[in-house]
Amino acid sequence: MAEMLISLKSKTNAAEPVKNNQLYQRGDIIVIMPDGHPWSKTERETPEWRILQVPGDPESFASLVRAEENTRADWLRRLKTLDLEHVIWSTEQKDEFDDQKPREKEVSRVELISVLVATKDRERAAGGVIDIG
Amino acid sequence: MPTVITKSIGTTGRDYSTIASWEAAITADLVTADEQWVGQCYNDSEFTITATIIIGGQTTDATRNIILETGSGQSFRDHADKATNPLKYDVSKGVGVRTTSNYTGAIQVTSRYVTVRYLQIKTADLGGSNRVISLEGVGDSAIVGDSLICEGFKSEPVFLFTTAKLINSVIILRLSGSGNGFRWSYPLSGALIAGCTIVRPNGLTIAGSGISRPNGSSNAEVKNTAVFGFTDFADATISGDYNASDDATNIPGANSNGALTYSQQFEDYSNSTSDFRANDEAGGGDLKFGTPDSTNTPDDIIGTTRNATTPWVGCWEVPAAADYVLSASAGSFVETGSDATLKHGYLVSASAGSFVETGSDASLSATRRVSASAGSFVETGSDASLSTTRRVSASAGSFVETGSDASLEHGYLISASAGSFVETGSDASLSATRRVSVSAGSFVETGFDATLEHGYLVSASAGSFVETGSDAELIHGGNKVLVADSGLFVWVGSDATLSVTRLISALAGSFVETGFDATLEHGYLVSAISWSYTITVPTFFVAVGRPGRSIFTSSIHGGPTKSRITDNRTDFQ
C-alpha cells in the first residue's frame, strides 16, 4: 500500500503568475509514502490537503510525481495530476475532496482504478492558473 | 524584519513528516507576506523519497527567503564525534535524505534566495539521471548549498546554474568510467565553488572532469577546492585560485597545485570504505595551502574555524594543534573507544610521578624519541628492541643498562665522541678477532692480565706503544719475535740485557748494529749460526776481553764456526 498527500486547492503567486506552474495545483500529489507513514498532525488536519491510501508501493506511482525539466520559465511542477472530480467514490465519500467541509477520515482509502482513471496530464497556465478549488 | 516561520520536519511529532509537505506549505509570495521560512530536519528517521523535493514557485528577496537545514543537534556536523567520523553519507551520524526511485533527483531549488545546508543527500544506485542536488535559480539567484555531503552514482550529481554557490561541501561520485563530478551550466560572474571537495573514490575507473562547464562564462570562480579521481580538473577554462588536484588540466590559479598524490590527501580514498576528511601533514597531506575567505568559508563542513592565514584546500580543515591538556589531577584519566593520536612535537608527560602506559603495545615510529630531559627514563618488564642505526643515548649524565646482556652487532661501536667511554665493575670479554682500540687519547686496561692470543698484535699505528710499570715477558715456546715490518725496531734509554744462551739473531738477511759502540762482555759471542754477520764501525772495533788486545779493522767477515773473536786470541780466517 502507498499513501498520497493530495493538494485540494491550487496555490497562486500573484506577484509572479508564471510561477503558478511551479506551485501545487488542485489534484497534484505532493508526496507519496509507504503505507503506515506517520503523518504529522498538520498534514492530517490541513484543510486543503488529503491523504489517500492506495494499493501498490510508492515507487509504482513515481510517474505521478515527476516534474517537467526546468528548461522554460513556466515549467510544470507536476506532469500528471488527478482529476478529483472524476475519482470514483462511494456515496459516503462524495465530499471527501471538498476543502470547505471537514474531513471524515484522516486517511481515505481509494481503489487503484480510481487513481488511474482520474490521472491526467497537467495543463500549463500561461500567466497563471485559475484556482478551481 | 520579516516574520520568521520555523517548522520542524521529521517523523516523530514534528510539524511536517516530509520535506515535500513542508515546502508545499510555504507562502507563495514571501515578500508581500513579509515572511522568512525555515525548515529544520530532525533525524527521527532517514528521509527516503520517491519524488524530487522541489523548492520553487516562491517570490523571495534577501531577507524574505527560505532556509532548509537541520534542527539543533541533528546534523553530521553536530555529532559528538564529528571530527573523527568518516566523511561520507552515514545517516547514523545526522540527517540524511535518500532517493529510492529511478529517474528521481533528491533536491531541486528553483526559487531565488534559498539556502540548503548541513544535510547529507544521496541518490539511489538505479537507472536514469538523478541528481543529488540542483541549484537552478535564474539570474542573480542567491542560492547557496552550504556544508552538504552529496553522494551520487550518476554523472554530475551536483548541478549549479547561473550564480548559485556551493561552499564547504563534499561531492562523492561513485561511478566507474565516463562521468563528471559536477556540472556548471551557464555560470555567470558571481558563481562560486569555494572550499569544496569533489572526488571519485579509488577503485573506480578514472574518467571525465571534476568540474564540467559546457557553456556560460569562464568568470565562474573556483577556489580552495580539491578535485581528485578524474582525468581533468575541468573540461573548460574557469577562473579562481588555490585549488588542488591530481591533474592540472584547466586548473585555475597560479597558486593551485595539480600534481598531488591522491592516496595521500584523504583519510581513506577507497570506494568500499571512504573517508574524505583531509589527511594531516604528518600523514602526507598536501592541502594546507589555501587562501582565507572570511565571507564564504570562515569555517569548514563541520564548523571548524578555518586557519586565518593558510586554510586547508577542500571542505575539511585540519585544525592546528593547540596546547590542550588531558589531565587527571586525582585518580586516572581513561581514554577508551578509539585510538589516541599524538601529533608530532607533542608530549605525553608526567611532570611529577610517572606516566603509565598499559594494556597495549606502544609503537614508536622512526626518528621519534622516548626521552627524559631530566632524571631518567625507565623501561621495565619487557624487551625493548632497537633497530639498526637507532640509539640509546644519554646526552648528559649516564646511561644505565642492567639486568640482561647487551649485544653489539658486527660493525657497530660503543663510542664516546667526546671524553672517554668507561667500562667498570665487571669483566669485559672480547671475543677472538675483536679489538680494543682508541683512535685518539689512550686506552687503559687495569686490574687483570691481558692475554694476547697467537697471531695478534699490540700495535700503535701512529706514535708509539708504551709498556710501563712492570716487566714484559716474551714466553719461550717458539720463536718469539719483536718485529718492525718497516722502519726500525728501536730500543732506547736503558740497557738491554740478554741472558745467557739468548741470541740477537737474524734468521734471514742480516743483523746490523750501526751508529754506536757494541761491547761484548766477557764470555759472550758474536756469532752467525747461519750465513754471516756484519759488524760495521766507523773508526775502530774493540773486542773487550783481555786488555791490550785490539784488532783494528773496518770489518770482520766470517762464516759459520770459522769467524770468531775470543778471549785473548784471534782466530781469523
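In chain A, 37% of the 133 residues are buried, where buried means 20 or more other C-beta atoms within 10 Å of a residue's own, the C-beta atoms being placed from the backbone. This is a predicted model, so local features need pLDDT of at least 70 and side-chain atom pairs pLDDT 80 or more, while totals for chains, interfaces and linings use all residues. Residues are numbered from 1 along each chain as its sequence is written, with chains lettered from A and ligands numbered from 1 in the order in which they are written.

Next, the fold of chain A. There are two helices and six strands, taken as DSSP runs numbered from the N terminus: H or I of at least four residues for helices, E of at least two for strands. Along the sequence the order is β-β-α-β-β-β-α-β. Of the contacts in chain A with a separation of 6 or more, 77% join residues 24 or more positions apart; a contact is two C-beta atoms, placed from the backbone, within 7 Å.

Now the interface. Chain A puts 29 residues in contact with 25 of chain B. On the chain A side, strand S1 (2-7), strand S2 (29-34) and helix H1 (41-45) each give two or more residues. S2(A) has the largest share, four residues.

Last, the core. The largest nonpolar core has 113 residues, and B:Ile133, B:Cys150 and B:Val170 touch the most other members. Such a core is a set of buried Ala, Val, Leu, Ile, Met, Phe, Trp, Tyr and Cys residues joined through C-beta atoms within 7 Å. Leaving out residues up to four places away in sequence, B:Ile133 touches, among others, B:Val116, B:Leu148 and B:Cys150.

Note on methods
A residue is buried if 20 or more other C-beta atoms lie within 10 Å of its own, exposed if 12 or fewer, and partly exposed in between; C-beta atoms are placed from the backbone.
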